Amino acid sequence: MAKRKTKQRQRSASTSPSSKFEKLERQLQTQVQRQNYRQALDKLKQIHRSYPEAQISQSESQLWLLQGQQEYDQGDYSQAEVSLRKALTLGHAGEGHYWLAKCLLASDQIEAALALIQKAFEEKVLPKNYAGCYLKLLFLNEDIEAIQDLITHQSKRFYAAQLHWARGVLALAAEDPQKAITSFKKMDRRAVTPGDNQSVWIAYTQQQLGHWEISESILGLKPYSPFSALRFNSGITPQHPALERLAIRQALDQQQSLLPLIERDGNLHSDRSLAIVLEALYLIDQSDYHEAAHLIQRLPQPCLDYPDVDILRRPLLLLAGEQALQNRQPQCTITFWEDLIESDPFDPKLALKLHLVYQETERFPQRQHLLSRLLDWVKTTARADSQAWPETRTQPILAKLYCWQTDLWMEMGNSKQGIRTLKQAEQMSPTSAEVMGRQGLMAFAKNQLDQAIPLLTEALSEGCTYGDVYFALIESLEEQGEDPSHSRSPSTVW
């Protein structure tokens with residue numbers, strides 16, 4: 001009896017209101033840690049319904065802010081705006097204003113962003129550490145007079161670094177970059193807005209002055225080495241996006257390579273996409289289509305940032321494939337042309353060229369897939385336009401493709417499938433030189449030389465271009481000639 005009561009007390013304790021609340025709290029924290037903010041909001045609502053008076057570790061406004069920041073980072077600005085406005089409605093001022101302004105700015109709504117921050121500043125709900133974004137938005141809106149008025153009459157509402165930055169940009173507007181540098185250096189590495197970088201403004205101003213070596217030092221670029229495999233500089237590695245843009249400008253002005261910036265670890269954002277496009281254009285101008293194509297293949301399809309790249313892509317990959325073949329790099333040719341062959345519309349001429357590369361590099365599965373696509377394309381096209389594709393044109397083409405499939409099966413050691421495929425070729429065009437050549441090879445493989453020699457001979461005289469037919473005929477004639485020591489086993493051909 002005592003044991004039973006103890007178990008009942010244990011069960012009662014395990015299901016007490018406090019333990020249920022703690023479990024829900026842990027579940028809420030888990031969702032936040034996993035950055036599943038939508039699920040966290042649902043869990044928060046569940047806790048509020050069950051425990052309306054409880055003190056919860058996460059506020060709804062904070063979760064909406066986190067959700068909006070996540071959507072902003074994903075580029076979903078319209079949904080981010082909805083989430084961030086909910087955060088503001090629930091009282092998350094300051095940080096909420098800042099992120100909503102960033103979202104509006106990313107959506108090219110600079111006037112809306114400025115109106116939002118201006119209202120928050122005038123109503124004194126914009127914290128001092130976010131006041132710098134008001135100055136920046138005024139600068140973007142080219143309202144220099146408003147900036148001057150603010151730092152003159154309301155300077156106490158800004159931190160010292162924000163005031164130094166404002167004086168710096170005012171000096172830039174007045175075409176006094178030397179004075180601007182003096183102001184920017186006084187910022188003492190403090191940010192005007194979250195994530196800002198003092199070096200951006202100093203490097204930009206040094207570039208305005210034409211002090212490229214000083215700018216190079218600020219951007220963290222290594223000096224040019226004559227032993228570098230790159231065309232010029234080999235150390236463009238700034239981490240801040242604005243510094244990357246300045247590094248691109250520096251490289252273009254100083255004729256430096258952009259490859260180090262492109263090779264840097266991290267996601268391919270728009271600035272690195274720009275670097276890829278610029279470097280590819282330089283390589284194209286140098287007729288290095290091969291390396292330019294490798295760069296262009298790094299860009300997404302379609303390339304929304306630079307739509308002209310999508311027009312350039314196909315002719316570039318075609319040229320790059322040819323250049324790679326000339327340089328005896330068939331793997332690169334395959335990489336370039338496979339990218340094209342899988343796109344619509346299907347290009348049969350390119351498929352034939354790619355088939356030859358597959359053949360030379362012994363890519364059996366890829367070759368089989370490509371031949372099947374060619375066969376399907378011929379059949380579909382012939383059905384759709386019988387006048388342009390009469391049987392007298394279609395059947396010899398199909399016969400030749402079936403012959404190529406026969407060759408492939410025989411090379412793979414599947415003679416049964418090879419024989420079946422050859423029969424399909426015979427049905428299409430029994431008198432074709434290509435078909436007779438394969439019939440001769442079949443007889444040669446069985447050592448039936450009396451049948452093989454006339455078939456092989458006629459095939460060659462009718463224009464068969466398959467090399468194995470020629471070699472099989474030579475071996476067959478040697479086999480029956482005066483010097484049998486030169487003969488080779490039939491298995492060496494096909």
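Predicted model: local features only at pLDDT ≥ 70, side-chain atom pairs only at ≥ 80, totals over all residues.

In helix α9, residues 144-153, the buried residues are Ile147, Leu150 and Ile151. Buried here means under 20% relative accessible area, exposed means over 50%, and partly exposed is in between, with a 1.4 Å probe and protein chains only. Helices are DSSP runs of H or I with at least four residues, numbered from the N terminus. Viewed down the axis of α9, the buried residues fall within an arc of 90°, so they line one face of the helix. That arc is taken from the directions from the helix axis to the C-beta atoms. Glu145 and His153, on the other side of α9, are exposed. The cover over the buried residues of α9 includes α7 (110-122), α8 and α10, where contact means heavy atoms within 4.5 Å.

Residues are numbered from 1 along each chain as its sequence is written, and side-chain values use heavy atoms, with hydrogens and water left out.

A pocket is an open set of points on a 1 Å grid over the protein atoms alone, where a 1.4 Å probe fits, with protein on both sides within 12 Å along at least five of seven lines; lining residues have an atom within 4 Å of a point. Volume is the space filled by probe spheres set on the points, which are joined across faces, edges and corners.

The largest pocket holds about 1400 Å³ of space. Its lining has 36 residues, and Tyr72, Lys102, His240, Pro241 and Arg245 lie nearest the centre. Elements that give two or more residues to this lining include α4 (60-73), α6 (95-106) and α14 (241-254). Which element gives the most to it? That is α6, with six residues.

The second largest pocket has a volume of about 200 Å³. Its lining includes Trp377, Trp389 and Trp404. Here α22 gives the most, with four residues.

Last, the cysteines. With a disulfide defined as a pair of cysteine sulfur atoms within 2.5 Å, the count is zero. Cys464 is in no disulfide, and the nearest cysteine sulfur, that of Cys403, is 7.9 Å away. Cys464 is buried, at a relative accessible area of 7%. Cys332 is also buried, at 15%.
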